[in-house]
Every structure is written in structure tokens, then in C-alpha cells.
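Hi there,

Here is the structure I promised to hand over. Have a look at it first, and then read on for what turned up in it.

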Amino acid sequence: MRVSAPLVADGDVELFTWAPDSTVLAYRADQTVQGEPELWIASRNGSGVVRANSDLVAGGDVSKFDWAPNSSMLAYVARQETAGLEEVFVTDVAGTNTR
């Protein structure tokens with residue numbers, strides 16, 4: 001069963017990891033723009049796929065991510081707000097509360 005949403009032409013899922021409670025997984029993929037990997041969260045049956053990161057600057061990407069031990073938050077490293085500058089961000093599992 002495929003869990004990721006459909007990918008853009010030549011897109012790839014590059015990394016993935018289950019949340020500690022195994023209810024959802026996070027994956028990094030160039031899902032909407034080839035060559036610009038973003039962070040996505042999906043339920044274990046593939047429903048409810050949401051983008052976890054906020055809009056990226058031109059040429060931005062998500063490079064690393066990790067779950068909080070209680071599975072409520074996801075931390076990630078991205079070039080999100082400033083070109084060429086990697087910063088750490090956190091978001092909830094719905095991808096709606098990025099800080």
C-alpha cells in the first residue's frame with residue numbers, strides 16, 4: 001500500500017520515519033516541485049497527507065526531521081525563510097502550527 005501522495009514527475013521520497021506512537025509517519029519528498037524536497041505527514045493508511053513545513057524560499061528545502069517522544073510535534077531543519085540559511089522549526093502533526 002502506498003502511503004505517500006502522488007509525486008511530481010521524477011519526484012522521490014527520500015526519507016521517512018514513523019512517529020513513536022506509530023499512528024502517522026513523516027517523509028521528505030519532492031512531491032509538488034521536482035528537486036525541492038518538503039516535509040509531509042501521512043496516516044499509516046495513506047489518508048490525510050499534509051505538508052508539514054511552511055512555504056519555502058526559492059531554492060529552499062527540508063533537510064532533516066525528527067519526532068518528539070510523545071508524537072505530538074515534529075522538528076525539522078529547512079531553508080524556509082532565508083535563502084541559504086538552515087534553521088530549526090517545529091510543527092504539530094496536523095502541519096498547522098509551525099514555529
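A residue is called buried here when its relative accessible area is under 20%, exposed when it is over 50%, and partly exposed in between. One thing to keep in mind as you read: this is a predicted model.

Let me start with Ser 63, which sits in strand β5, residues 62-67. Its relative accessible area is 18%, so Ser 63 counts as buried. The side chain of Ser 63 makes a polar contact of 3.0 Å with that of Glu 86. Leaving out residues up to four places away in sequence, Ser 63 touches Leu 15, Arg 28, Val 77 and Glu 86.

Arg 28 deserves a stop of its own. This arginine belongs to strand β2 and is buried, because its relative accessible area is 14%. Its side chain is joined to that of Glu 14 by a polar contact of 2.7 Å. Beyond residues up to four places away in sequence, Arg 28 touches Asp 12, Val 13, Glu 14, Leu 15, Pro 37, Glu 38, Val 62, Ser 63 and Phe 65.

Is Lys 64, the next stop, buried or exposed? With a relative accessible area of 53%, Lys 64 is exposed, although it is found in strand β5. Ala 75, Tyr 76 and Val 77 are what Lys 64 touches, again not counting residues up to four places away in sequence. Lys 64 and Pro 37 are 27 residues apart in sequence, and their C-alpha atoms are 10 Å apart in space.

Now to the nonpolar side. In soluble globular proteins, nonpolar side chains tend to be buried together. The largest nonpolar core in this model has 13 residues, and the members that touch the most others are Ala 26, Leu 39, Ile 41, Phe 65, Trp 67, Leu 74 and Tyr 76. Two or more residues of this core come from each of β2, β3 (38-43), β5 and β6 (73-78). A further core of 7 residues lies apart from it, with Ala 5, Leu 25, Ala 29 and Ala 42 among them.

Together with Leu 7, Val 13 and Phe 16, Trp 18 forms a nonpolar patch with about 380 Å² of accessible area. Trp 18 is located in strand β1, residues 13-18, and its relative accessible area of 38% makes it partly exposed.

Asp 10 has a phi near 65°, a positive value in a residue other than glycine. This aspartate lies in the segment before β1 and is exposed, with a relative accessible area of 65%. Ser 22 also has a positive phi, near 65°, and is found in the loop between β1 and β2 (24-29). At 33% relative accessibility, Ser 22 is partly exposed.

Notes
Residues are numbered from 1 along each chain as its sequence is written. This is a predicted model: local features need pLDDT of at least 70, side-chain atom pairs count only at pLDDT 80 or more; totals for chains, interfaces and linings use all residues. Side-chain values use heavy atoms; hydrogens and water are left out. Helices (H or I, at least four residues) and strands (E, at least two) are DSSP runs, numbered from the N terminus. Buried means under 20% relative accessible area, exposed over 50%, partly exposed in between (1.4 Å probe, protein chains only). A polar contact is a pair of N or O atoms within 3.5 Å; within protein, one must be able to donate a hydrogen and the other to accept it, and residues adjacent in sequence count only if both atoms are side-chain atoms. Contact means heavy atoms within 4.5 Å. Patches are made of residues with over 30% relative accessible area and no salt bridge: like charges are joined within 9 Å, nonpolar side chains (Val, Leu, Ile, Met, Phe, Trp, Tyr) within 5 Å. Accessible areas come from the Shrake-Rupley method with a 1.4 Å probe; for residues, only the protein chains shown count as cover. A salt bridge is a side-chain nitrogen of Lys or Arg within 4 Å of a carboxyl oxygen of Asp or Glu. A nonpolar core is a set of buried Ala, Val, Leu, Ile, Met, Phe, Trp, Tyr and Cys residues joined through side-chain atoms within 4.5 Å.
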